[in-house]
Amino acid sequence: MKFKKTMAVSATAALALSLAACGSDDKGGNEGTGSGSGEKAQITWDMWAGSDDDIAALEATLKIAQEENPDIDIKLQHAPWNDYFTKLTANLSSGKAACVTSMNGQRLSGYADAFMELTPEDMATAGIKESDFTAGSLDIMSSGGKVLGIPYDVATMMVFYNKDQIEKTGAPAPKLGWTKADMEATLAKAGDDKMKAFGMGMAEFQWLALPISVSGVQPVTADGKLDLTNPAFVDAATWYGSFVEKGWADQAPSASETGWGESEYQAGNAALAVDGTWNAVSYLNNESGFKAGMVDLPAGDSGKNLGLVLGSGYGIAKNCENKEAALKVLGSLVGKAAQDSMASSGRSYPARVESQPLYFEALDASVRDEVKGAFDAAFANVAGQNTNAEWTKISETFPNNLVSGYTGAPSMADMLKATQDQFAK
């Protein structure tokens, strides 16, 4: 989970991240028990945060972890999303990662060497049982067949829509289990002279979700080979790009507008958009005042859709000297109390199964059943994302290419082939 970012990766809190050590000896994540036998163990936890609300949420989780581990001094450090990964990369090269380091599952492959493998014995020390978590969710924090961390949330992509605009235009309302053809029928009528039918995605999952769903193909194979030129994926991506050509959507003004589609939807300028479950509560409480709805991704010609199970978690840095203390902190960060707190606030959908009902209970009764139904449908056909060591670089090239690709010059097929040729090995 990335805490709510209205502009996809907003950095509203100008906080400096220091992944360097707790303590004055600047040992990074090599926290120990101090020089005296009576001193507490010291463990640093690093996490991203993009707003005052995000920071307050982290501090609430920190309080829970601290209360559960009175013999450990836990220090929280945080930074905005982009700054976090920039500085994490720099500090990892010098062995200064915090003992408990937060990681987005979709970026894990690029940082896998920095984390310890978590064995069954390690999980026992942390008080963690795999059965406590959503089936398959440990794949989020696994790489190369090794469990490198424990997820604290699970997410997937959905289609969000403006109920007021759908009613106004008479467009067919999106329904659970809908198809590519159903979505086309809705888009054909959902726009008017004041609002476009769709907000085009520019960020990784916001634009990839529909091509993956309707094609049933990921742009990377299970064994890590880039597969952007797979005919089924190319056809689906071309279909998605045609939304601009057909006048259903506006093209983003620049590659820097990575949150273009979602922002247009939230501002009431687009009737539909694709975004993650992590923003469901934000859209239900949007400042534009429209009634928001949500459904699963549409199915393609096969009659099935395909979504990705996404999320983030916590791992133990290889340079951590006090592994036992770090594992105890990790166990608390994904423990029932912390997961219940996150779920009850509606911030994100917890990975721990027993905490998930609290997420829906936190919603207004008028939308509770609808949201639960949409989540159940969205998570019904999901798979772990296939990535490789180059995927972060690859995904970062997409916004520049999509600005022109959505207008058909060059074609989506040519854009995908050029990217394939650039990165395929």
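Mentor: We begin with the criterion: a salt bridge is a side-chain nitrogen of Lys or Arg within 4 Å of a carboxyl oxygen of Asp or Glu. Side chains of opposite charge can pair when their charged atoms come close. Please keep in mind that this is a predicted model.

Trainee: How many salt bridges does a search of the whole structure find?

Mentor: The search finds 10 salt bridges. One of these links K328 with E324, whose closest N and O atoms are 3.7 Å apart, and both residues lie in helix α10, which covers residues 323–333, at a spacing of four residues or about one turn of the helix.

Trainee: Which salt bridge does D340 make, and how far apart are its N and O atoms?

Mentor: D340 meets K336 in a salt bridge at 2.6 Å, N to O; these residues are four apart in helix α11, residues 336–345, and are therefore separated by about one helical turn. Here the two partners fall into separate classes, since D340 is buried with a relative accessible area of 15%, whereas K336 is partly exposed at 42%.

Trainee: Where do D421 and K417 lie?

Mentor: Both are in helix α15, residues 412–423, four residues apart, about one turn of the helix, and their closest N and O atoms are 2.9 Å apart in a salt bridge. K417 counts as partly exposed at 44% relative accessibility. Elsewhere, salt bridges that share partners join D132, R352 and E354 into one network.

Trainee: Turning to the cysteines, which residues does the disulfide join?

Mentor: The structure holds one disulfide, and it joins C99 to C320 with an S to S distance of 2.0 Å. The torsion about the S-S bond is about 95 degrees, so this disulfide is right-handed. C99 lies in the loop between α2 and β3, and C320 in the loop between β13 and α10, so the pair ties together parts that are 221 residues apart in sequence.

Trainee: Are C99 and C320 buried or exposed?

Mentor: C99 is buried at 0% relative accessibility, and C320 is buried with a relative accessible area of 6%.

How values were computed. Residues are numbered from 1 along each chain as its sequence is written. This is a predicted model: local features need pLDDT of at least 70, side-chain atom pairs count only at pLDDT 80 or more; totals for chains, interfaces and linings use all residues. Side-chain values use heavy atoms; hydrogens and water are left out. Helices (H or I, at least four residues) and strands (E, at least two) are DSSP runs, numbered from the N terminus. Buried means under 20% relative accessible area, exposed over 50%, partly exposed in between (1.4 Å probe, protein chains only). A disulfide is a pair of cysteine sulfur atoms within 2.5 Å.
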